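The paragraphs that follow guide the reader through one protein chain. Please keep the sequence and the three-dimensional view at hand while reading.

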Amino acid sequence: MHTLPRLCTTTALVTLMATSPAWADVTAEQVWTDWQGMIESSGAKVTYDSSADDGILTINDLVVTVDDVAKTNIRLGAVVLQETGDGSVQVLLPASGPIVIESGNDKATLEQRNTGFSLIVSGTAGDMTYRYAATEFSLALTEYLIDNTPSDGQQARMTLNNLAGTLHGRTTGLRQLEQDFILGKLTYALDLTDPEKEAAITSEGSITNLQSDVNVAIPENIETLSMAEAFEKGLTLKSGLSYNDIAARFTYSENGDKITGSGESGSGDIRMSLQEGDNVVADAFESVSFGPIRLRVDGDVADNDMFTAHLALDQLGARLDMGIPENFESLSAGNGDTSMPDILNAGFRVGVNLNYDGLDGAVSFVRGGEAGSVSAVSDMLDLGLSLSREMLHISSASKATEFNLESADLPIGAIRLAVAQTLQDIRIPSNTTPEPQPFTYRQEIRNLSISDNLWALFDPDSQIPRTAITYVLNVSGLGNWLIDPFSPEMNIPGNTKGELHRLTLHELLLSGAGVELTGAGDFTFNNDDLDSYDGIPAPKGDMNLKLTGGNQLLDTLVKMGLLSEENAIGLRLASGAFAIKGDGDDTIVSSIEANGKGELLANGKRLK
């Protein structure tokens, strides 16, 4: 119950705790009181000793306790809040000092160091601005105890350089937060060991020019509100995160096995928003974009087995767009009382997209002394799915994709598949309507080629032309559902599920092995006449087909023993019933016409 409001509350509070005190007033005491209230509202507890003197509030032995699966104490040491005399408060941290994290019998001590640290709180009650900066801020692990026993040789360090930001918070019936920060560089280093498992991991990395912006508005008493009430009262969450460069490398070893890896990414951008929607309670949006990306992993494992893997992407992106209806939590609870039509009728919609450019990936390995590899390259891939009450849309596209597999376990040798282009575009109405609605089915596989050893499985003497294979089917039309396509009634045999009103074949193309079939046509359908074609709406229209190379392929299949002479003759006689000779060698054409009177003709000859 109230899952989304609790999530938003937690997110906002964590953001505040990471950057500043919180909703402050002009005095040090008010800043500290509100900070405590903010921490405790997130479920944690605060203990401390304090002293006040002439506008200076000193907090000693500050401990934040989190009661979760294991009770955890975070000992932060000392904080000083000093009134500057101009209506602002300065927050002071010691230049260095310990931070202790205790959980059960485990304990970690971190040494905090900072230079050029500044945090100034200004403004008026209920409308505070925080300006913070640090030339350098670092945390380093100095002691680590497991079950009260020192674990020697553990090293961990994180350093932030050139941090600066502004946070503006105000309360006007809403708790509102606006924040922007920039971090010049973040670096980290780890060197951890586990003697019992003879395991060790080392890692180091960096992020440069990390920037973030956050805009949050949280209604008062959000914990008591439903999702609809929270958004009606102004609940909003917008955030963005970007960076210029990420680099990392690691080494992991255990019982003689060793794995090393490295990765890097160029610019990245993450955007997210959650706000009141126009036709639904809330609109949720998220997008990510990274690139270029480079990853590599090398392994030397048991029995001298080895592997190397690399992945390169010029760009990787994803996008999510959702419309969240009222009572979505109960509608999607899965209690068996709610169907997909109920959710869609309430206004739910979702759109998902995943795409990349410039894929180059491979894994090579040695196993039991035998070598093998798997590799894939692709210029681009774009996958999409969207669903609303009006339409289901599925799409995909790719270009210049190649797959290779080599392994001693393959009796036929290396396998290679390559395809120049693929395309899929399916659009289907997702609701019952009195009037016909457009639909689309388009699928393309262009220039698919396979390695000779795959051809040789059924054609060892290369008698069939080993040309690339192309398949194109592009169809559109008009139709309408009589039964909701997502309802259980769709699975009941005998139900009339919908009506087809028009079908247009824009393109049919099937080529390969020396054969090419093409076609196009257009038909309308009379749903009042279900007798002429045994329950199928009576069509009216025509379609033209052309086949080249068919006879040559039949002769070749007979010669190879894959087709009997009798079957080949039967196929030729069948084609002669509705096809005639066309222009060019080994070419037949057919013009199929349905005249709307229950008659079906091929090249002017009546078939029905």
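Leaving aside its neighbours within four places in sequence, with which residues is serine 373 in contact? The model examined here is a predicted one. In it, serine 373 is in contact with Val363, Ser364 and Phe365, and also with Asn404, Leu405 and Glu406, once neighbours within four places in sequence are set aside. Serine 373 belongs to strand S21, which covers residues 370-387. Its relative accessible area is 21%, so it is partly exposed, given that buried means under 20%. Valine 66 lies 307 residues from serine 373 in sequence, and the two C-alpha atoms are 49 Å apart in space.

The view may now be widened to the whole chain. The protein chain has eight helices and 32 strands. Its radius of gyration is 34 Å, whereas the globule rule gives 25 Å for 608 residues; the chain is therefore more spread out than a compact globule. Along the principal axes, the C-alpha atoms fill a box of roughly 110 × 65 × 40 Å. Among contacts in the chain with a separation of 6 or more, 57% are accounted for by residues 24 or more positions apart.

The surface and the charges come next. The accessible surface of the protein chain is about 32500 Å², and 54% of it belongs to carbon and sulfur atoms. Of the 608 residues, 35% are buried. The chain carries 40 positive and 85 negative side chains, with 7 Å between the centres of the two sets.

The interior deserves a separate look. In soluble globular proteins, nonpolar side chains tend to be buried together. The largest nonpolar core of this model has 49 residues, and those touching the most other members are Trp32, Ile59, Val79, Leu81, Phe231, Leu274 and Ile324. Helix H2, residues 28-41, gives the most to this core, with five residues. Apart from this core lies another, of eight residues, among them Ala513, Leu554, Met560 and Leu563. Within the largest core, isoleucine 59 touches residues that include Trp32, Tyr48, Val79 and Leu81, not counting residues up to four places away in sequence.

Alanine 513, a member of the eight-residue core, sits in the loop between strand S26 (498-512) and strand S27 (515-526). With a relative accessible area of 18%, alanine 513 is buried. Its phi is near 55 degrees, a positive value in a residue other than glycine. Asparagine 447 also has a positive phi, of about 55 degrees, although it is not a glycine. Asparagine 447 lies in strand S24, residues 437-450, and counts as partly exposed at 43% relative accessibility.

Another backbone feature concerns a peptide bond. Glycine 291 and proline 292 are joined by a cis peptide bond, with omega about -5 degrees. Proline 292 is found in the loop between strand S17 (282-290) and strand S18 (293-300).

Two further residues complete the tour. Serine 242 lies in strand S13, residues 236-243, and counts as buried at 17% relative accessibility. Beyond residues up to four places away in sequence, serine 242 touches Asn209, Leu210, Gln211, Gly268 and Asp269. Alanine 414 is found in the loop between strand S22 (391-406) and strand S23 (415-429), and its relative accessible area of 38% makes it partly exposed. Residues up to four places away in sequence aside, alanine 414 touches Leu405, Glu406, Ser451 and Asn453. Leu405 and Glu406 are also among the contacts of serine 373.

Conventions:
Residues are numbered from 1 along each chain as its sequence is written. This is a predicted model: local features need pLDDT of at least 70, side-chain atom pairs count only at pLDDT 80 or more; totals for chains, interfaces and linings use all residues. Side-chain values use heavy atoms; hydrogens and water are left out. A nonpolar core is a set of buried Ala, Val, Leu, Ile, Met, Phe, Trp, Tyr and Cys residues joined through side-chain atoms within 4.5 Å. Buried means under 20% relative accessible area, exposed over 50%, partly exposed in between (1.4 Å probe, protein chains only). Helices (H or I, at least four residues) and strands (E, at least two) are DSSP runs, numbered from the N terminus. Contact means heavy atoms within 4.5 Å. The radius of gyration is taken over C-alpha atoms; the globule rule is 2.2 Å times the number of residues to the power 0.38. Accessible areas come from the Shrake-Rupley method with a 1.4 Å probe; for residues, only the protein chains shown count as cover. Lys and Arg count as positive and Asp and Glu as negative; His and the chain ends are not counted. The place of a charge is taken as NZ of Lys, CZ of Arg, CG of Asp or CD of Glu.
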